[in-house]
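Dear colleague,

Below it you will find my notes on what turned up.

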Amino acid sequence: MRKGTAIMDLKHHEDYISDITVDQAKRILLTASGDGTMGVFNIKRRRFELLSEYQSGDLTSVALMKRGKKVVCGSSEGTIYIFNWNGFGATSDRFALKAESIDQILPITDSIMCTASTDGYIRAVNLLPNRVIGCIGQHVGEPIEELAKSWDSRFLVSCAQDQLIKFWDISSLPNTTVDEYRKRKKKNGRMKSLTKKAHGDNDFFSGLVEETEKKEEEEQEEEEDDSDSD
């Protein structure tokens, strides 16, 4: 600290580093890079370990899930890449969201994370099974720069290029369960609203839409039950 210089300088990426995270033991540093790879650095031994295989888009964010057993990376193409811990070389799975660049990933529970995108939407996503649970909130037409949560995971905080800091009640999100069975997609393709004004402050018909979606879901479930019985 007295010298004011870095104790370690490692450069192995070919492009910018967009995000970093460390494991619970503070031993392994993971990096997401614009060159499409995830980097693995051993902080304790002060050495570079390896780079993952190249992905088709820039890696824009990285986070640990499933009690550190899974690593998830967001990308500029709207795909979430999933790695096994100690299997950093190649992805074990991938999950494409209907989103633009996934710039932020914030774990809420071991299985649920919130993602922020340049399209202004905050999505709640379940990992394994991979599902978009719904929309937490939105900065209309503005890329989201950062996400944070309160210590008790009751509130989510977001900020964007609209110069606003927004608070969202996500107290019910940790108790959300996701069925292994994949339901048929809705015709309108609209995400389920998980908070009030999730689809924008000026959406006057949001309440009506939510009620319509509930009825459609009930009708779809009845149809699915009928088809199963046959």
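Of the 16 residues in the largest nonpolar core, those that touch the most other members are Ile108, Cys114, Ile122, Ile136, Leu147, Leu156 and Leu173. Such a core is a set of buried Ala, Val, Leu, Ile, Met, Phe, Trp, Tyr and Cys residues joined through side-chain atoms within 4.5 Å, where buried means under 20% relative accessible area with a 1.4 Å probe, protein chains only. At least two residues of this core come from each of β10 (112-117), β11 (121-126), β12 (131-138), β13 (144-149) and β14 (155-160), and β10 gives the most, with 3 residues; strands here are DSSP runs (E, at least two residues), numbered from the N terminus.

Please keep in mind that this is a predicted model, in which local features need pLDDT of at least 70 and side-chain atom pairs count only at pLDDT 80 or more, while totals for chains, interfaces and linings use all residues. Residues are numbered from 1 along each chain as its sequence is written, and side-chain values use heavy atoms, with hydrogens and water left out.

Elsewhere, 4 strands form an open antiparallel sheet in the order β1-β2-β3-β4, two strands being paired if DSSP finds at least two bridges between them. Because β1 (17-22) and β4 (47-51) stand at the edges with a single partner strand each, one side of each is left without a neighbour in the sheet. Strand β3 (residues 38-42) pairs with β4 over 4 bridges, and Phe41 stands opposite Phe48 in β4.

For the protein chain as a whole, buried residues make up 41% of the 230 residues.

Best wishes

Terms used. Buried < 20%, exposed > 50% of the residue type's maximum accessible area, 1.4 Å probe, protein only.
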